[in-house]
Amino acid sequence: MGGSPRKRIGVLTSGGDCPGLNAVLRGIFCASEELGWEVIGFRDGFEGMLPDGGDYLPLTRENTQGIMQIGGTILGTTNKGHFTAKVAAGEKASISEEVIAKASRTCRDLDLSAVIAIGGDGSLSTALQLYRAGFPMIGVPKTIDNDLEATAMTFGFDSAVACVTDALDRLHTTAASHKRVIIVQVMGRHAGWIALWGGLAGAADMILIPEIPFSLEHIAETIQSRDAAGCKSTMIVVAEGAKTRHGQQFRKQSASGEWRLGGIGEMLCQEIESRTGKDTRVCVLGHLQRGGDPTTLDRILGIRFGVKAVQLAEEGKFGTMVSYQNYQVLDVPIAEAVHHLKRVPPSDQLVETARAIGVSFGDKAVHG
Ligand code: F6P
């Protein structure tokens, strides 16, 4: 790999999409153009490396103009396929030798000096495996869940939180008008960052996250106590991966046999109605949190991450990932970021702040 007078680098977006991916692509293209480099974007994540000659889109001034403000990814993505280095939290699968050999041939044929992989924990685990197999990999941290280690923030998170906040603003007025309990189910399989930030920004009365197991008795008691104190409506934000204190999580099997988290909002709705007699509704935000335009912060992070990734490629710092720390965009080894999710510490300052203003986490009754 390497050797051509005009450097060529590859980029790919992998895993679940999120707002800000196109901003990173634009940052990568513009910074590379300044250096006189060419950029090709593999289609549908790592999968684009498999067909003979690669399946890619050459990035140009034309096709990267005006994309920063658009959600999704112009390259396409997948969280399935031949490169799935992680099958579920804590479980690891290796990419087959045959797949690695094919991808390696593609990178060699295309004479790539660097490959920038933009992804979350699973995709960066793949990037790490490829780096260890000799690929000139650089990682860019992406996930709405903000659960990647070794970076204070991933891009996409702020946009997802903005979506939750907007939903809560809307739901408060209808909850108050009808004196109802409204449960808003948000994403977050293993980490409750979206629920915590969105719940705090959107003035939720209760925030239920995977890291702090809840009790239905405490939830019912809190609602009844609020009611008695004159707060007739209650807004609850629940992360899809929140657990009861008995460790129970709620999931459903898809038609393809795949298990997906879901159903916790519905369960809470039934339990709250039967335990408190309050009229209760549930709103599942789902993929709304992954769609739409990136916020200002995610655009800025995206551009900065893209530019930094190109600088790392120029310095030949392979096996590293762009990382956001103390308002600076730095780099860390990819190995430090993967295989261990960043969860909300139950004593996190934000949790304490929320508790200080009377927010319940369902682990003890809060009296109104
Ligand atoms: O990792 C981001 C995430 O949005 C999770 O919070 C959510 O459970 C999952 O992706 C959903 O992914 P899919 O696109 O497979 O439905």
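This is a predicted model: local features need pLDDT of at least 70, side-chain atom pairs count only at pLDDT 80 or more; totals for chains, interfaces and linings use all residues.
**The ligand site**

Asn79, Ile144, Asp145, Met187, Gly188, Arg189, Glu240, His287 and Arg290 surround the ligand. By class, 2 of the shell residues are nonpolar, 3 are polar and 4 are charged. Among them, Asp145, Arg189 and Arg290 place polar side-chain atoms at these distances from an oxygen atom of the ligand:

| Residue | Distance to a ligand oxygen atom |
|---|---|
| Asp145 | 2.9 Å |
| Arg189 | 2.8 Å |
| Arg290 | 2.8 Å |

On its own, the ligand has 400 Å² of accessible area, and the protein covers 77% of that.

**The two domains**

The protein is divided into domain 1 and domain 2. Their C-alpha centres lie 33 Å apart. Domain 1 brings 12 residues to the contact, and domain 2 brings 14 residues. About 1000 Å² is buried between the domains. Carbon and sulfur atoms give 57% of that area.

Three residues stand out on the domain 1 side. Asp17, Ile144 and Asp145 supply 45% of the area that domain 1 buries against domain 2, more than any other three residues. Ile144 and Asp145 also belong to the ligand's surroundings.

The domains share 2 salt bridges. Glu258 forms a salt bridge with Lys80, with the closest N and O atoms 3.8 Å apart. There is also 1 residue pair in polar contact between the domains. Where domain 1 touches domain 2, its side has 5 nonpolar, 3 polar and 4 charged residues.

Note on methods
Residues are numbered from 1 along each chain as its sequence is written. Side-chain values use heavy atoms; hydrogens and water are left out. A residue is near a molecule or strand if one of its heavy atoms lies within 4 Å of it. A polar contact is a pair of N or O atoms within 3.5 Å; within protein, one must be able to donate a hydrogen and the other to accept it, and residues adjacent in sequence count only if both atoms are side-chain atoms. Accessible areas come from the Shrake-Rupley method with a 1.4 Å probe; for residues, only the protein chains shown count as cover. Ala, Val, Leu, Ile, Met, Phe, Trp, Tyr, Cys and Pro count as nonpolar, Asp, Glu, Lys and Arg as charged, and the others, Gly among them, as polar. Domain bounds come from an automatic or database domain assignment. Contact means heavy atoms within 4.5 Å. Buried area is the accessible area (1.4 Å probe) that two parts lose on being put together, summed over both. A salt bridge is a side-chain nitrogen of Lys or Arg within 4 Å of a carboxyl oxygen of Asp or Glu.
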